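Here are my notes on this one, point by point. Have the structure open while you read.

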Amino acid sequence: MSERPVHELIKELSFVLVQLSDKVLENFFNALHAVKHQDEQSARQIRQIDNEIDLAEVDLEERCLAFLALQQPVARDLRTIVTIMKINDDLERIGDLAVHIIDRMPEISPEMLKSFEFEKMGVHAGEMVRNSIEAFISKDRTLADKVCALDEEVDVMHRTVFKRVTLLMKSPDSAVDELIAALSISRYIERMADHATMIAREVIYLVTGEIVRHKGDFYQNLIDSLKD
(Lines give C-alpha, C1' and ligand atoms only; values in the text may rest on other atoms or scores of the structure.)
Protein backbone atom coordinates (compact mmCIF):
# COMPACT_ATOMS: atom_id res chain seq x y z
CA MET A 1 0.00 0.00 0.00
CA SER A 2 2.75 2.47 0.94
CA GLU A 3 4.45 2.26 -2.48
CA ARG A 4 1.54 3.93 -4.26
CA PRO A 5 0.86 7.69 -4.22
CA VAL A 6 -1.33 8.80 -1.34
CA HIS A 7 -3.90 10.46 -3.59
CA GLU A 8 -4.38 7.20 -5.52
CA LEU A 9 -4.96 5.25 -2.32
CA ILE A 10 -7.51 7.78 -1.09
CA LYS A 11 -9.26 7.72 -4.47
CA GLU A 12 -9.47 3.92 -4.31
CA LEU A 13 -10.87 3.91 -0.78
CA SER A 14 -13.42 6.55 -1.79
CA PHE A 15 -14.47 4.44 -4.77
CA VAL A 16 -14.99 1.41 -2.51
CA LEU A 17 -17.14 3.58 -0.22
CA VAL A 18 -19.32 4.70 -3.13
CA GLN A 19 -19.78 1.10 -4.28
CA LEU A 20 -20.84 0.16 -0.76
CA SER A 21 -23.37 3.00 -0.66
CA ASP A 22 -24.94 1.77 -3.91
CA LYS A 23 -25.26 -1.75 -2.50
CA VAL A 24 -26.74 -0.50 0.78
CA LEU A 25 -29.34 1.66 -0.94
CA GLU A 26 -30.38 -1.11 -3.32
CA ASN A 27 -30.82 -3.53 -0.44
CA PHE A 28 -32.87 -1.01 1.53
CA PHE A 29 -35.32 -0.41 -1.31
CA ASN A 30 -35.49 -4.14 -2.01
CA ALA A 31 -36.50 -4.61 1.63
CA LEU A 32 -39.41 -2.18 1.28
CA HIS A 33 -40.45 -3.95 -1.93
CA ALA A 34 -40.21 -7.39 -0.32
CA VAL A 35 -42.41 -6.39 2.62
CA LYS A 36 -44.93 -4.79 0.28
CA HIS A 37 -45.20 -8.02 -1.74
CA GLN A 38 -44.58 -10.46 1.15
CA ASP A 39 -41.68 -11.93 -0.84
CA GLU A 40 -39.92 -14.47 1.37
CA GLN A 41 -37.29 -15.33 -1.23
CA SER A 42 -36.27 -11.70 -1.56
CA ALA A 43 -36.21 -11.40 2.22
CA ARG A 44 -33.66 -14.21 2.44
CA GLN A 45 -31.56 -12.57 -0.26
CA ILE A 46 -31.66 -9.25 1.57
CA ARG A 47 -30.31 -10.91 4.71
CA GLN A 48 -27.51 -12.50 2.70
CA ILE A 49 -26.58 -9.21 1.08
CA ASP A 50 -26.55 -7.54 4.49
CA ASN A 51 -23.96 -10.11 5.58
CA GLU A 52 -21.90 -9.10 2.54
CA ILE A 53 -22.31 -5.43 3.46
CA ASP A 54 -21.08 -6.15 6.99
CA LEU A 55 -17.98 -7.88 5.63
CA ALA A 56 -17.34 -5.05 3.18
CA GLU A 57 -17.67 -2.50 5.98
CA VAL A 58 -15.10 -4.33 8.10
CA ASP A 59 -12.73 -4.70 5.14
CA LEU A 60 -12.92 -0.98 4.31
CA GLU A 61 -12.34 -0.02 7.92
CA GLU A 62 -9.27 -2.27 8.07
CA ARG A 63 -7.93 -0.72 4.87
CA CYS A 64 -8.41 2.75 6.29
CA LEU A 65 -6.64 1.80 9.51
CA ALA A 66 -3.76 0.35 7.51
CA PHE A 67 -3.59 3.60 5.55
CA LEU A 68 -3.41 5.60 8.77
CA ALA A 69 -0.65 3.38 10.15
CA LEU A 70 1.48 3.26 7.00
CA GLN A 71 0.94 6.73 5.53
CA GLN A 72 0.49 8.78 8.71
CA PRO A 73 -1.56 11.38 6.83
CA VAL A 74 -2.03 14.95 8.04
CA ALA A 75 -4.40 17.85 7.33
CA ARG A 76 -6.84 17.23 4.45
CA ASP A 77 -5.72 13.64 3.82
CA LEU A 78 -6.26 12.74 7.48
CA ARG A 79 -9.72 14.34 7.47
CA THR A 80 -10.61 12.41 4.32
CA ILE A 81 -9.75 9.02 5.83
CA VAL A 82 -11.55 9.85 9.07
CA THR A 83 -14.59 10.91 7.02
CA ILE A 84 -14.52 7.70 4.97
CA MET A 85 -14.46 5.64 8.17
CA LYS A 86 -17.38 7.56 9.66
CA ILE A 87 -19.46 7.31 6.48
CA ASN A 88 -18.60 3.63 6.26
CA ASP A 89 -20.11 3.13 9.71
CA ASP A 90 -23.25 5.07 8.79
CA LEU A 91 -23.73 2.94 5.67
CA GLU A 92 -23.41 -0.27 7.66
CA ARG A 93 -26.11 0.98 10.03
CA ILE A 94 -28.39 1.81 7.10
CA GLY A 95 -27.77 -1.75 5.91
CA ASP A 96 -28.98 -3.05 9.26
CA LEU A 97 -32.20 -1.05 8.86
CA ALA A 98 -33.06 -3.08 5.74
CA VAL A 99 -32.95 -6.24 7.85
CA HIS A 100 -35.06 -4.62 10.55
CA ILE A 101 -37.70 -3.88 7.91
CA ILE A 102 -37.65 -7.51 6.76
CA ASP A 103 -38.05 -8.63 10.37
CA ARG A 104 -41.40 -6.80 10.42
CA MET A 105 -42.73 -8.58 7.32
CA PRO A 106 -44.68 -11.31 9.18
CA GLU A 107 -46.36 -8.68 11.36
CA ILE A 108 -47.88 -6.43 8.70
CA SER A 109 -50.23 -7.02 5.78
CA PRO A 110 -49.79 -5.43 2.32
CA GLU A 111 -53.09 -3.62 2.89
CA MET A 112 -51.85 -2.00 6.08
CA LEU A 113 -48.55 -1.14 4.44
CA LYS A 114 -50.29 0.44 1.48
CA SER A 115 -52.28 2.74 3.74
CA PHE A 116 -49.07 4.53 4.72
CA GLU A 117 -46.81 6.43 2.32
CA PHE A 118 -43.66 4.47 3.08
CA GLU A 119 -42.50 4.35 -0.54
CA LYS A 120 -42.59 8.14 -0.80
CA MET A 121 -40.86 8.45 2.54
CA GLY A 122 -38.25 5.87 1.53
CA VAL A 123 -37.53 7.58 -1.79
CA HIS A 124 -37.03 10.87 0.04
CA ALA A 125 -34.63 9.33 2.56
CA GLY A 126 -32.83 7.44 -0.20
CA GLU A 127 -32.28 10.64 -2.17
CA MET A 128 -30.82 12.19 0.96
CA VAL A 129 -28.28 9.35 1.18
CA ARG A 130 -27.44 9.62 -2.52
CA ASN A 131 -26.98 13.37 -2.27
CA SER A 132 -24.84 13.08 0.85
CA ILE A 133 -22.55 10.62 -0.95
CA GLU A 134 -22.47 12.90 -4.00
CA ALA A 135 -21.52 15.76 -1.68
CA PHE A 136 -18.64 13.61 -0.41
CA ILE A 137 -17.46 12.79 -3.93
CA SER A 138 -17.58 16.40 -5.11
CA LYS A 139 -16.62 17.94 -1.73
CA ASP A 140 -19.75 20.07 -2.05
CA ARG A 141 -20.56 21.96 1.15
CA THR A 142 -23.70 23.49 -0.36
CA LEU A 143 -25.16 20.10 -1.25
CA ALA A 144 -24.30 18.77 2.21
CA ASP A 145 -26.17 21.69 3.77
CA LYS A 146 -29.20 20.92 1.58
CA VAL A 147 -29.23 17.32 2.81
CA CYS A 148 -29.22 18.51 6.41
CA ALA A 149 -32.12 20.85 5.67
CA LEU A 150 -34.18 18.03 4.12
CA ASP A 151 -34.05 15.89 7.25
CA GLU A 152 -36.93 17.80 8.82
CA GLU A 153 -39.20 16.77 5.93
CA VAL A 154 -38.71 13.08 6.75
CA ASP A 155 -39.19 13.85 10.44
CA VAL A 156 -42.53 15.46 9.58
CA MET A 157 -43.56 12.35 7.63
CA HIS A 158 -42.64 10.17 10.61
CA ARG A 159 -44.58 12.38 13.02
CA THR A 160 -47.59 12.12 10.71
CA VAL A 161 -47.38 8.32 10.85
CA PHE A 162 -47.01 8.45 14.63
CA LYS A 163 -50.11 10.60 15.01
CA ARG A 164 -52.14 8.39 12.68
CA VAL A 165 -51.06 5.18 14.41
CA THR A 166 -51.91 6.70 17.78
CA LEU A 167 -55.35 7.66 16.52
CA LEU A 168 -56.05 4.26 14.95
CA MET A 169 -55.00 2.43 18.10
CA LYS A 170 -57.84 4.10 19.98
CA SER A 171 -60.32 2.00 18.02
CA PRO A 172 -61.34 -1.16 19.94
CA ASP A 173 -61.00 -3.32 16.83
CA SER A 174 -57.65 -1.90 15.72
CA ALA A 175 -54.86 -4.23 14.51
CA VAL A 176 -52.42 -3.18 17.21
CA ASP A 177 -49.56 -5.48 16.15
CA GLU A 178 -49.76 -4.29 12.56
CA LEU A 179 -49.88 -0.67 13.62
CA ILE A 180 -46.81 -1.13 15.80
CA ALA A 181 -45.02 -2.75 12.85
CA ALA A 182 -46.01 0.17 10.63
CA LEU A 183 -44.69 2.65 13.17
CA SER A 184 -41.43 0.69 13.38
CA ILE A 185 -40.97 0.75 9.60
CA SER A 186 -41.57 4.49 9.62
CA ARG A 187 -38.95 4.84 12.31
CA TYR A 188 -36.42 2.81 10.30
CA ILE A 189 -36.88 5.08 7.29
CA GLU A 190 -36.59 8.14 9.53
CA ARG A 191 -33.35 6.70 10.92
CA MET A 192 -32.05 6.28 7.37
CA ALA A 193 -32.59 10.00 6.83
CA ASP A 194 -30.77 10.68 10.11
CA HIS A 195 -27.76 8.73 8.85
CA ALA A 196 -27.85 10.67 5.58
CA THR A 197 -27.73 13.86 7.64
CA MET A 198 -24.80 12.52 9.65
CA ILE A 199 -22.96 11.73 6.41
CA ALA A 200 -23.64 15.27 5.20
CA ARG A 201 -22.25 16.66 8.46
CA GLU A 202 -19.16 14.52 7.99
CA VAL A 203 -18.75 16.04 4.53
CA ILE A 204 -18.96 19.51 6.08
CA TYR A 205 -16.21 18.45 8.48
CA LEU A 206 -14.13 17.21 5.54
CA VAL A 207 -14.51 20.42 3.57
CA THR A 208 -14.22 22.96 6.38
CA GLY A 209 -12.83 21.18 9.43
CA GLU A 210 -15.97 22.33 11.23
CA ILE A 211 -17.70 19.83 13.53
CA VAL A 212 -21.44 20.34 13.11
CA ARG A 213 -23.33 19.67 16.32
CA HIS A 214 -26.38 17.44 16.37
CA LYS A 215 -29.81 18.99 16.08
CA GLY A 216 -32.40 19.08 18.84
CA ASP A 217 -33.80 15.89 20.28
CA PHE A 218 -36.20 14.16 17.89
CA TYR A 219 -38.43 12.81 20.64
CA GLN A 220 -38.85 16.24 22.18
CA ASN A 221 -39.81 17.56 18.74
CA LEU A 222 -42.33 14.72 18.45
CA ILE A 223 -43.87 15.51 21.82
CA ASP A 224 -44.08 19.19 20.91
CA SER A 225 -45.78 18.36 17.60
CA LEU A 226 -48.49 16.35 19.38
CA LYS A 227 -49.48 19.49 21.26
CA ASP A 228 -50.60 21.16 18.02
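1. D177 counts as exposed, because its relative accessibility is 59% and the cut-off for exposed is over 50%. This residue sits in helix α7, which runs over residues 176-208. As for K23, D177 is 154 residues away from it in sequence, and the C-alpha atoms of the two lie 31 Å apart in space.

2. Keep in mind that this is a predicted model. Mean pLDDT for the chain is 90, with 91% of residues at 70 or more. The stretch to watch is 222-228, where pLDDT is below 50. Beyond near neighbours in sequence, that stretch makes six contacts in the model.

3. Now the inside. The largest nonpolar core holds 63 residues, and F28 and F118 have the most contacts within it. Helices α1 (6-37), α2 (40-71), α3 (75-103), α4 (110-114), α5 (118-138), α6 (141-169) and α7 each put in at least two residues. The top contributor is α7, with 14.

4. What does F118 touch? Leaving out residues up to four places away in sequence, its contacts are L32, L113, V161, A182, I185, S186 and I189.

5. On α6, the length checks out: 29 residues at 1.5 Å each should span 42 Å, and the end C-alpha atoms are 43 Å apart, so the two agree. At the start of this helix, a side-chain oxygen of D140 comes to within 3.0 Å of the backbone nitrogen of T142.

6. Which residues of α6 are buried? They are L143, A144, V147, D151, V154, D155, M157, H158, R159, V161 and V165. As a reminder, an α-helix has 3.6 residues a turn, so residues three or four places apart point the same way.

Conventions: Residues numbered from 1 in each chain as written. Predicted model: local features only at pLDDT ≥ 70, side-chain atom pairs only at ≥ 80, totals over all residues. Heavy atoms only, no water. Helix = DSSP H or I, 4+ residues; strand = E, 2+ residues; numbered from the N terminus. Buried < 20%, exposed > 50% of the residue type's maximum accessible area, 1.4 Å probe, protein only. pLDDT = per-residue confidence, 0-100. Contact = heavy atoms within 4.5 Å. Core = buried A, V, L, I, M, F, W, Y, C linked by side-chain atoms within 4.5 Å. Expected span 1.5 Å × (residues − 1). Polar contact = N/O pair within 3.5 Å; in protein donor to acceptor, adjacent residues only side chain to side chain.
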